[in-house]
Amino acid sequence: MPNYPPARRAPIDDVDRAIMRTLTDNARMPNNALAETVGIAPSTCLARVRALQERGIIRGFRADVDPAAIGLPLQAMISVRLRAHTREQNESFRSTAPDLPGVLAVFHMAGSDDYLLHVGVAGPEGLRDFVVDNLTTHPAVAQTRTNLIFEQIAGRRYLGEPSPATS
C-alpha cells in the first residue's frame with residue numbers, strides 16, 4: 001500500500017488515537033471493553049473503528065505468529081538490487097516476491113537496494129536454497145545481500161502519535 005501524504009487523510013482526534021493505541025495492544029478486545037477503556041459508548045466505538053477501517057487507517061487485524069514455532073527458526077533480511085529500473089522489471093519482481101516460500105514481508109526501498117525481504121527458513125541450507133532457487137534465478141535480480149537476524153525486538157507498534165518532525 002502506498003504511503004499517502006497527510007493531506008489525503010482526514011485528521012484523527014484523541015479518541016481515535018486511544019482506540020488505535022488500545023487495539024494495537026490487543027486487537028481481540030471486544031467492542032464493549034474497548035469502548036469502556038477509551039470512555040465512549042459501545043455504539044460510538046463501533047462506528048469509530050469502522051470509520052478508521054474505511055479510511056484505511058486501520059488496515060486489518062492479524063495474528064503475530066512466531067516463525068520458530070512453525071519450523072522457521074532462521075530469519076534473514078535479504079537486500080535485492082534489480083538489473084534495471086524499468087516498470088517491467090520492477091513489476092516482475094514485485095508481483096512474485098510476496099508469494100515466495102518463507103517470505104514474511106517485502107519492502108520496496110529507495111537507496112542502493114531496491115527491495116528488502118524478511119524471510120524465515122528451517123536452517124542454513126533452506127536459506128541458501130531460497131536465495132539460489134528464487135532470487136539468483138529471477139531475471140530481474142542483479143544482486144542479493146543476506147543478513148542473518150539474531151533477534152527480533154518489537155518496536156513501538158502504535159503509530160497514532162505524530163512524530164516530532166511532523167508536529
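This is a predicted model: local features need pLDDT of at least 70, side-chain atom pairs count only at pLDDT 80 or more; totals for chains, interfaces and linings use all residues.

Q: Where does His118 lie?
A: His118 is part of strand E3, which covers residues 115–121.

Q: Is His118 buried or exposed?
A: His118 counts as buried, because its relative accessibility is 12% and the cut-off for buried is under 20%.

Q: Which side chain is joined to that of His118 by a polar contact?
A: That of Gln75: the two side chains are joined by a polar contact of 2.5 Å.

Q: Let us step back. How many helices and strands does the protein have?
A: There are five helices and four strands. Along the sequence they follow the pattern α-α-α-β-α-β-β-α-β.

Q: And what share of the residues is buried?
A: Of the 167 residues in the protein, 28% are buried.

Q: What about contacts between residues at least 6 apart in sequence: what percentage join residues at least 24 apart?
A: The figure is 67% of those contacts in the protein.

Q: Turning to the helices, at what angle do H1 and H2 pack?
A: Helix H1 (residues 14–25) and helix H2 (residues 31–38) pack at an angle of about 125 degrees, and their axes are 10 Å apart. That angle makes H1 oblique to H2. Their crossing is right-handed.

Q: Which residues meet there?
A: From H1, Ala18, Ile19, Thr22 and Leu23 meet Leu34, Thr37 and Val38 from H2. By class, the residues of this contact are five nonpolar, two polar and no charged.

Q: Could you say more about Thr22: is it buried or exposed?
A: Thr22, which is placed in helix H1, counts as buried because its relative accessibility is 13%. A polar atom of the Thr22 side chain lies 2.8 Å from the backbone oxygen of Ala18.

Q: What is Thr22 in contact with, leaving aside its neighbours within four places in sequence?
A: Thr22 is in contact with Met29, Leu34, Thr37 and Val38 on that basis.

Q: How does H1 pack with H3?
A: H1 and helix H3 (residues 42–54) pack at an angle of about 80 degrees, with their axes 11 Å apart. That angle makes H1 roughly perpendicular to H3. H1 contributes Val15, Asp16, Ile19, Met20 and Leu23 to the contact, while H3 contributes Cys45, Arg48, Val49 and Leu52. The classes in the contact of H1 with H3 are seven nonpolar, no polar and two charged residues.

Q: One last topic. Where is Asn134 placed?
A: Asn134 is in helix H5, which spans residues 124–135.

Q: How far apart are Asn134 and Thr96 in sequence and in space?
A: Asn134 and Thr96 are 38 residues apart in sequence, and the distance between them in space is 9.5 Å, C-alpha to C-alpha.

Terms used:
Residues are numbered from 1 along each chain as its sequence is written. Side-chain values use heavy atoms; hydrogens and water are left out. Axes are lines fitted to C-alpha atoms, for helices over the stretch in contact, and angles run from 0 to 180 degrees between N-to-C directions. Helices (H or I, at least four residues) and strands (E, at least two) are DSSP runs, numbered from the N terminus. Angles under 35 degrees count as roughly parallel, over 145 as roughly antiparallel, 65 to 115 as roughly perpendicular and the rest as oblique. A crossing is left-handed if the near helix is turned anticlockwise from the far one by less than a right angle, and right-handed if clockwise. Contact means heavy atoms within 4.5 Å. Ala, Val, Leu, Ile, Met, Phe, Trp, Tyr, Cys and Pro count as nonpolar, Asp, Glu, Lys and Arg as charged, and the others, Gly among them, as polar. Buried means under 20% relative accessible area, exposed over 50%, partly exposed in between (1.4 Å probe, protein chains only). A polar contact is a pair of N or O atoms within 3.5 Å; within protein, one must be able to donate a hydrogen and the other to accept it, and residues adjacent in sequence count only if both atoms are side-chain atoms.
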